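Here is a walk through one protein model, for a reader who likes definitions next to the numbers.

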Amino acid sequence: MNEYDLLNLTYNSMEEARRQMVRLLEERSRTYSLPRPLYNDPLLFRIDMEEVFEKEWLFVGMTCELPAKGDYMTVEIGQNPVLIVRDRDGEIQAFHNVCRHRGSRLCTKASGKVATLTCPYHQWTYDLKGNLIFASPEMGENFDRNEYGLKPVHCKTAGGFIFVCLRHGEPPAIDDFLSALAEYMEPYDMENTKVATESTLEEQANWKLVIENNRECYHCSGSHPELLRTLLEWDDTTDPRATPEFLEHCERQAQSWDREGIPHRHLEVGLRNRIVRMPLKEGTQVMTMDGKPACRKTLGRVQNRELGSMRILHLPNSWNHMQSDHLIVFRVLPVSAQKTLVTTKWLVHKDAVEGEDYEVERLRQVWDATNRQDRDLAEENQRGINSLGYEPGPYSETYEFGVINFLDWYAETVLNNGKQGRF
Ligand code: FES
Ligand SMILES: [Fe+2]
């Protein structure tokens with residue numbers, strides 16, 4: 001714990017922190033921002049990690065990032081290094097990235113390609129299914145390699161997305177969402193996409209402030225001039241801001257999507273998942289500065305360049321914008337009570353050639369600006385919350401309903417998961 005964390009330590013022990021967590025979540029006003037410790041206390045952050053990030057399904061990356069056998073990526077979920085690899089049967093597997101000898105981290109790079117997995121410490125070697133296949137004779141005659149395979153992590157894929165879950169035993173149900181995701185992503189032929197470019201921002205803000213910021217566009221007109229060139233500030237036809245002209249535009253677009261068999265029906269799976277395809281501003285095609293294409297090739301079987309953006313929400317850690325010629329995926333990973341990593345990846349058709357079909361700068365311009373603006377907003381939000389002057393304030397139930405939904409999901413998840421175990 002660093003000096004800064006100590007300043008925000010509100011409780012004396014984990015037991016007290018757990019008791020207070022339950023009290024704060026049970027007694028909170030649903031339509032108000034959370035009490036301060038939930039945004040900055042290091043022990044409450046630890047509970048968030050234990051009850052949410054170590055128990056729920058998390059988005060980690062895209063299947064197209066591991067196109068061939070032996071391709072791997074690594075991710076740090078709090079203090080849990082996780083390895084995701086495509087095995088020799090072409091299946092994607094996830095393991096704790098921890099050697100079974102003395103626990104060294106096994107793969108130290110963010111991504112790469114391997115035939116087998118060799119620990120850098122004493123060279124124990126595992127195959128891509130996690131079996132220990134080599135440990136030097138020094139381990140003695142009675143050593144049984146079969147007892148020291150890598151520990152598996154739950155892993156599922158659908159529609160090009162990879163999700164992992166660190167929970168011991170049965171993971172939470174996710175199949176309804178995954179089958180919807182496969183159906184909605186089908187037009188994009190995700191195996192024939194690639195990551196054209198990516199960015200990671202380190203934000204000095206609690207992960208919930210990052211998600212809250214994403215769940216409303218009340219702040220958009222004050223902060224996002226680039227984004228608002230093409231994006232509307234609402235993502236539902238029932239939003240009070242939607243004008244009659246816009247609703248007609250929606251209707252026309254929906255008819256053209258139906259003709260091409262592009263899924264667009266609004267879909268919700270509990271509060272955790274939401275898929276919504278919404279048109280962009282009339283006369284624009286994708287989220288670029290001028291609203292014109294970012295890539296010459298459209299994705300998969302898509303022909304209509306006006307697909308709006310299909311927004312996919314997966315709590316607790318991802319939102320996405322799927323368009324006709326590029327896809328933008330976002331992953332949120334908490335580091336500490338007041339530090340969060342936000343990774344953005346821009347995907348295009350696998351055969352699109354940089355410099356000919358797309359320019360990286362043009363592809364990234366709008367969301368690079370938007371991400372920086374959102375980072376600044378989340379960091380300023382955190383600074384104010386840390387002050388003695390902070391007290392929870394009211395959300396707009398019409399413009400900030402997404403934030404209210406997120407916090408309902410969060411509170412319910414922490415309380416339910418905690419009650420099954422530590423609370
Ligand atoms: S810790 Fe991995 S081989 Fe020793
Ligand atoms: Fe924003």
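Three strands make an open sheet in the order E6-E7-E8, and their pairing is antiparallel. Strands (E, at least two residues) and helices (H or I, at least four) are DSSP runs, numbered from the N terminus. Two strands pair if DSSP finds at least two bridges between them. Strand E6 (117-118) and strand E8 (132-134) are the edge strands, each pairing on one side only. E6 pairs with strand E7 (residues 125-126) in the antiparallel sense, over two bridges. Leu-117 has Tyr-126 in E7 as its bridge partner. In general, strands of a sheet pair through backbone hydrogen bonds, either parallel or antiparallel.

A note on the source: this is a predicted model, in which local features need pLDDT of at least 70, side-chain atom pairs count only at pLDDT 80 or more, and totals for chains, interfaces and linings use all residues. Residues are numbered from 1 along each chain as its sequence is written, while chains are lettered from A and ligands numbered from 1 in the order in which they are written.

Stay with the loop between E6 and E7, where Gln-123 lies. Gln-123 is not a glycine, yet its phi is positive, about 65°. Most residues other than glycine have a negative phi, and most peptide bonds are trans. Is Gln-123 buried or exposed? Gln-123 counts as exposed because it has 12 C-beta neighbours inside 10 Å. The cut-offs are these: a residue is buried if 20 or more other C-beta atoms lie within 10 Å of its own, exposed if 12 or fewer, and partly exposed in between, with C-beta atoms placed from the backbone.

Asp-189 also has a positive phi, near 45°. Asp-189 sits in the loop between helix H5 (175-185) and strand E11 (193-203). With 16 other C-beta atoms within 10 Å, Asp-189 is partly exposed.

Strand E9 (residues 152-158) and strand E10 (residues 161-165) run antiparallel, joined by five bridges. His-154 has Cys-165 in E10 as its bridge partner. E9 and E10 form a hairpin with two residues between them, and Gly-159 in the turn has a positive phi of about 55°. E9 also runs antiparallel to strand E4 (residues 92-96), through two bridges. There, the bridge partner of Phe-95 is Pro-152 in E9.

Pro-316 lies in the loop between them. The peptide bond that joins Leu-315 and Pro-316 is cis, with omega about 10°.

E15 and E16 form one with four residues between them. Five bridges join this antiparallel pair. Asn-320 has Val-329 in E16 as its bridge partner. A second hairpin joins E16 to E17 through two residues. Nine bridges link E16 to strand E17 (residues 339-349), again antiparallel. How many residues of E16 are buried? For strand E16 (residues 327-336), eight of its 10 residues are buried, and the strand is mostly covered.

Step back to the domains. The assignment gives domain 1 (58-171) and domain 2 (187-385); such bounds come from an automatic or database domain assignment. Their C-alpha centres lie 31 Å apart. The contact takes 12 residues from domain 1 and 14 residues from domain 2. Two residues are in contact if their C-beta atoms, placed from the backbone, lie within 7 Å. On the domain 1 side, strand E1 (58-62) and strand E2 (71-77) are the elements that give two or more residues. E1 gives the most, with four residues.

Finally, the whole protein. The protein has 10 helices and 17 strands. Its C-alpha trace spans about 80 × 55 × 35 Å along the principal axes. Of the 423 residues, 40% count as buried. Among contacts with a separation of 6 or more, residues 24 or more positions apart account for 67%. The radius of gyration is 22 Å, which agrees with the value near 22 Å for a compact globule of 423 residues. That radius is taken over C-alpha atoms, and the globule rule is 2.2 Å times the number of residues to the power 0.38.
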